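Subject: Structure handover

Dear colleague,

Please find below the structure that I promised to pass on to you.

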Amino acid sequence: MNMLKWMMLGLVAVLAGCAAQEPPLVTLPMTARPQPQAATLPANGSIFQSGSYRAMFEDKMPALVGDTLTINIQEKSSTSQSEQTTATRSSALSDTISSGMQLPFIPGSLTKGLGASLNGSGSASNTGKGTNQVATTFVSSITVTVIEVLSNGNLIISGEKVVRINGDTESIRLSGVVNPRDIAADRSVSSLKVADARIEQETKGNNRLYNEPGWLAKFFLSIIPI
């Protein structure tokens with residue numbers, strides 16, 4: 001009895017593992033702390049100090065690890081595919097064979113009908129039509145953090161936004177590479193200009209559970225060939 005119990009538990013564990021969710025697309029750290037500055041800056045002048053200089057009218061654009069900027073997600077994709085196939089085939093065969101053989105003791109009028117006749121005809125038709133249309137729109141915004149500055153000045157950014165409303169949790173994760181020249185004056189950039197972009201949205205909660213099949217249904221759907 002104990003052996004059967006352990007076998008059932010093992011089977012349940014295997015089925016649960018087969019129905020596990022796919023790994024997340026964004027694998028980078030969600031944030032990074034700014035690099036610490038030197039405690040004492042070297043003095044290179046009596047009044048002007050280059051180490052602590054900050055321009056009064058300069059826009060402080062994100063350029064260092066720990067700086068933040070806003071990504072406006074404006075993803076929209078649409079695909080359409082149509083396919084139609086029509087095939088028709090027709091064939092006919094007709095042949096007649098007459099045997100002029102004479103049978104003894106049988107009148108000639110009866111042997112006139114003796115012979116062979118072969119008739120055949122065939123027809124085939126095939127018609128197929130298929131249409132596939134997919135449209136996706138994803139509009140949102142998320143503030144991300146610069147986690148690394150590349151040697152050419154490009155910024156590797158990553159971030160996550162989590163919102164919980166009435167027990168349902170919605171999370172948006174994004175990572176990619178941003179060119180500082182594409183950053184607008186309000187410290188924002190469109191997601192269309194993010195290189196190597198990884199954008200994902202996930203919703204957890206009661207509403208999601210009602211619309212999503214259970215782990216056992218996922219298992220059978222994963223092994224059914226059709």
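This is a predicted model: local features need pLDDT of at least 70, side-chain atom pairs count only at pLDDT 80 or more; totals for chains, interfaces and linings use all residues.

Residues are numbered from 1 along each chain as its sequence is written, and side-chain values use heavy atoms, with hydrogens and water left out.

To begin with the overall picture, the protein has four helices and six strands, where helices (H or I, at least four residues) and strands (E, at least two) are DSSP runs numbered from the N terminus. Along the sequence these elements follow the pattern α-β-α-β-β-β-β-β-α-α. Of the 226 residues in the protein, 18% are buried; buried means under 20% relative accessible area, exposed means over 50%, and partly exposed is in between, with a 1.4 Å probe and protein chains only. The protein exposes about 17600 Å², and carbon and sulfur atoms supply 56% of it; accessible areas come from the Shrake-Rupley method with a 1.4 Å probe, and for residues only the protein chains shown count as cover. Among the contacts with a separation of 6 or more, 69% are between residues 24 or more positions apart, a contact being heavy atoms within 4.5 Å.

The next topic is the salt bridges. A search of the whole structure finds four of them, a salt bridge being a side-chain nitrogen of Lys or Arg within 4 Å of a carboxyl oxygen of Asp or Glu. Which residues are linked in a network of salt bridges? They are Glu160, Arg173, Glu200, Glu202 and Lys204. Arginine 173 forms a salt bridge with glutamate 160, with the closest N and O atoms 3.2 Å apart, and this pair links strand β4, which holds arginine 173, to strand β3, which holds glutamate 160, across 13 residues. Arginine 173 also forms a salt bridge with glutamate 200, where the closest N and O atoms are 2.9 Å apart; here the partner lies in strand β6, 27 residues apart from arginine 173. A further salt bridge joins the side chains of arginine 173 and glutamate 202 (2.9 Å, N to O), and glutamate 202 is likewise in strand β6, 29 residues apart from arginine 173. Arginine 173 counts as buried because its relative accessibility is 13%, and glutamate 200 is buried too, whereas glutamate 160 is partly exposed at 36% and glutamate 202 is partly exposed at 24%.

Some loop residues also deserve a look. Isoleucine 183 is in the loop between β4 and β5 and, at 9% relative accessibility, counts as buried; leaving aside neighbours within four places in sequence, its contacts include Met61, Leu69 and Val189. Serine 191, in the loop between β5 and β6 (195-204), is buried as well, at 3% relative accessibility.

Finally, there is a point about backbone angles. Most residues other than glycine have a negative phi. Asparagine 166, however, has a positive phi near 55°; this residue lies in the loop between β3 (155-165) and β4 (168-178) and counts as exposed because its relative accessibility is 76%. Arginine 187 has a positive phi of about 60°, is found in the loop between β4 and β5 (188-190), and is partly exposed at 26% relative accessibility.
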